[in-house]
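Here are a few notes to read with the structure open beside you. Take them one at a time and find each spot as you go.

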Amino acid sequence: MVFHDWDADAKGPVPAWIPTAEGVRDTNLAAFMNGFQAEEWQRAKTGDPQADLDLLQRISHSDPEAFWRPVLDHLRIHFHHKPSRILQSASNPDDVRWLPGAQLNIAESALCVRDQDAPALLWAQEEAPDQICALTLGELRLRTQRFAAALRLAGHTPGQAIAIDMPMTVEAVVAYFGIVLAGCAAVSIADSFAPAEIAMRLRISNAAAIVTQDVIGRGDKLHPLYTRVVEAEAPRAVVVPANASAGLQVSLRRGDVSWEDFLKAAPPHGSFQAHVADASDVTNILFSSGTTGEPKAIPWTHVTPIRCGVDGWAHQDVRRGDVVAWPTNLGWMMGPWLLYAALLNGAAVALFQGSPLGRAFGIFVERAQVNVLGLVPSIAKAWRASGCMKGLRWTALRCYSSTGEASAPEDYHWLMARAGYKPIIEICGGTEIGGGFLAGSMLQPQCPSTFSTPTMGSNFVLLPAAGGQSMHGDWTAVVGELAVVPPLLGSSQRLLNRDHHSVYYKDMEVVAGTSTPLRRHGDEFERLPNGYYRALGRCDDTMNLGGIKVSSVELERACMEGVPSIMEAAAVGVPAPGGGPEQLVLFLVPKGKREDVATVKHQCQAAIWSKLNPLFKVERVLWRDSLPRTASNKVMRRVLRDESRSHSRL
Ligand SMILES: Nc1ncnc2c1ncn2[C@@H]1O[C@H](COP(=O)(O)OP(=O)(O)OP(=O)(O)O)[C@@H](O)[C@H]1O
């Protein structure tokens, strides 16, 4: 009611959550600001953390030496040899060096320097979501060291690539950190992939071994995993049983070994000296989702996880003793991101062994006392449609967080309300960024499906179609492609299967007033009148309707808000048969039964006219049972574009 005369055109969307003074005071950033010493900070700060947030964010990229030193201390990054400086600049962004001269193993910072008695991992099975099991950091460290020792005894040397293809279980986390401690690179492969996809990733990374699981149990169904890995002609496999008490449910190839036998070679309590590496050595090889084409193989170094840690610290406000849950897999960047964002901040990771779509997951969140709950938009949509979380009390929750694709404000308003109005911290970046460049903040009012600040350390411009570069802080409402201003700590400097420079810098404008090229990212954003941002999806998903550029996401949002009978929408622009301007085709998933196409087309048209532009014409509407998605659950509009082209040829 307080907002009934809110002028959204002048002030941006209505906030659905406003931090209290006490809430602001308790954040990590407010505490950090108290002790921050940078010269510009001392000169210009007001003493009010909310008012000073922009200043801190600006200093975080304009003065990396001043910003990162205390942040590295705060995250307790453990160096065997300290870096000579934070950043060694170069005119080519691929040649800059973060933490030059540093010798470290980032897994030690995650496992060895914090309270060893504190919980590090919590988990439960889908069949018994309220039976929470826990492992302390000390126990996790010991198991990890044993795995690393076993790797060494099996002949694996620093620099080798070792794949992991399995659900995100305790064993997966042990293997992940064990590989990093041993100086090898973990090749992250999502557990949903078919053999050909697994084989491609093993080939690109030249993996010397793989850690996998026999089967994946979901509800009362068992899905094969080991057989897929075998079909991919994987190298030697270490195989974890899905059900430890039942033992392995597959027979192994000659040379493959069970998890238990693999570990037997190393003493359970022996200490393992972590491999001390250069900051730029590889710890992890990840693959992007492939929304825009073939997945890119992206190496993460010992520096990249610091991006994850700082995101979690500054944006989701992960605190010591917290519990962080985020249904994902090590094969997606949010898997490793979650481990580092929690452990580098002294928090525990909550791993649910089952589907996040049902009530069992909600019970787990309640019982594990989850403080920070991450998700992708399709999870919230499913919860809202089924009503499965009704009555659950997520009282420990301080915030949600969302990544992956643009969210629907209505769904997210619903989600905020279901935990008694808790903010949803949107974060957008990418596998090659090691985390986010744009996010929400617990120091600022939050509106569903918007971003309120660049992440700490990052800087970007929007490139409006009319030309020019619009900086954050310009405070002008504008739409444009977002381009990152390098350098950005954590972002990639090489790719294994493409030329890094051509993918990210070729043909890009230079940063105004410098000779440094902007870094391409390929997302379209709108800056709102209050300086917040809204994601408009991939630039490839924008279309030109009657000479006006519009993004798929905007059209979809208008339909979702205006037509109650649809659950999901995907909008694509298709060239008119025989040439001419693009035509708008809508693919819709119904909430219940499919309504008459002509009626729904009329409703969508009305919603688009009233919310966006009276010149946009809906050409066709097609019902679908579901939308095509990548393995990481992102809508593949390029597949729909192809589909509608073939429809129009019929
Ligand atoms: N909170 C968010 N809101 C909107 N979009 C998001 C959000 N988080 C991530 N994204 C989208 O996901 C992308 C990053 O995902 P990822 O690194 O897996 O690569 P991809 O773009 O999906 O795949 P590829 O680069 O192979 O095409 C972002 O560029 C953005 O398009």
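This is a predicted model: local features need pLDDT of at least 70, side-chain atom pairs count only at pLDDT 80 or more; totals for chains, interfaces and linings use all residues.

1. Asp 322 is buried, because its relative accessible area is 6%, and the cut-off for buried is under 20%. You'll find Asp 322 in the loop that links α13 (304-314) to β17 (323-325).

2. Now see what Asp 322 touches. Its side chain has a polar contact of 2.6 Å with the side chain of Arg 398. The side chain of Asp 322 also reaches a backbone atom, the nitrogen of Arg 319, at 2.8 Å. If you skip the neighbours within four places in sequence, the contacts of Asp 322 are Asp 317, Ala 347, Ala 348, Asn 371, Val 372 and Arg 398.

3. Glu 556 sits in helix α19 (residues 552-562). Glu 556 counts as buried because its relative accessible area is 7%, with the cut-off for buried at under 20%. The side chain of Glu 556 comes to 2.7 Å from the backbone nitrogen of Ala 571. Leaving out neighbours within four places in sequence, Glu 556 is in contact with Ala 569, Ala 570, Ala 571 and Arg 637.

4. On to a pair of helices. Two packed helices are described by the angle between their axes and the distance between the axes. For helix α5 (residues 49-62) and helix α6 (residues 64-74), the axes come within 6 Å and cross at roughly 105°. Because angles of 65 to 115 degrees count as roughly perpendicular, α5 is roughly perpendicular to α6. On the α5 side the contact is made by Leu 56, Ile 59, Ser 60, His 61 and Ser 62, and on the α6 side by Pro 64, Phe 67 and Trp 68. Sorted by class, the contact has five nonpolar, three polar and no charged residues.

5. Both of those helices turn up again here. Which residues of helix α3 (residues 28-35) are buried? They are Asn 28, Leu 29, Ala 30, Phe 32 and Met 33. The buried residues of α3 pack against α5 and α6, and also against α2 (21-25), α4 (39-44) and α13.

6. Now for some strands. Strand β22 (residues 435-439) is mostly covered, with five of its five residues buried. Strand β21 (residues 424-430) runs antiparallel to β22, and four bridges join the two. Look for Gly 429, which stands opposite Gly 436 in β22. The hairpin of β21 and β22 has four residues between the strands, and in it Gly 434 takes a positive phi near 75°. Strand β22 is also joined to strand β23 (residues 453-454), again antiparallel, by two bridges. There, Ala 439 has Thr 453 of β23 as its bridge partner.

7. Last stop: an open sheet. What is the order of its five strands? Reading across, you get β25-β24-β26-β27-β28, with antiparallel pairing. The edges are β25 (470-471) and β28 (533-538), each of which pairs on one side only. Strand β24 (residues 460-463) pairs with β25 over two bridges, in the antiparallel sense. To see that pairing up close, find Leu 462, whose bridge partner in β25 is Ser 470.

Terms used:
Residues are numbered from 1 along each chain as its sequence is written. Side-chain values use heavy atoms; hydrogens and water are left out. Two strands pair if DSSP finds at least two bridges between them. Axes are lines fitted to C-alpha atoms, for helices over the stretch in contact, and angles run from 0 to 180 degrees between N-to-C directions. Angles under 35 degrees count as roughly parallel, over 145 as roughly antiparallel, 65 to 115 as roughly perpendicular and the rest as oblique. Contact means heavy atoms within 4.5 Å. Ala, Val, Leu, Ile, Met, Phe, Trp, Tyr, Cys and Pro count as nonpolar, Asp, Glu, Lys and Arg as charged, and the others, Gly among them, as polar. Buried means under 20% relative accessible area, exposed over 50%, partly exposed in between (1.4 Å probe, protein chains only). A polar contact is a pair of N or O atoms within 3.5 Å; within protein, one must be able to donate a hydrogen and the other to accept it, and residues adjacent in sequence count only if both atoms are side-chain atoms.
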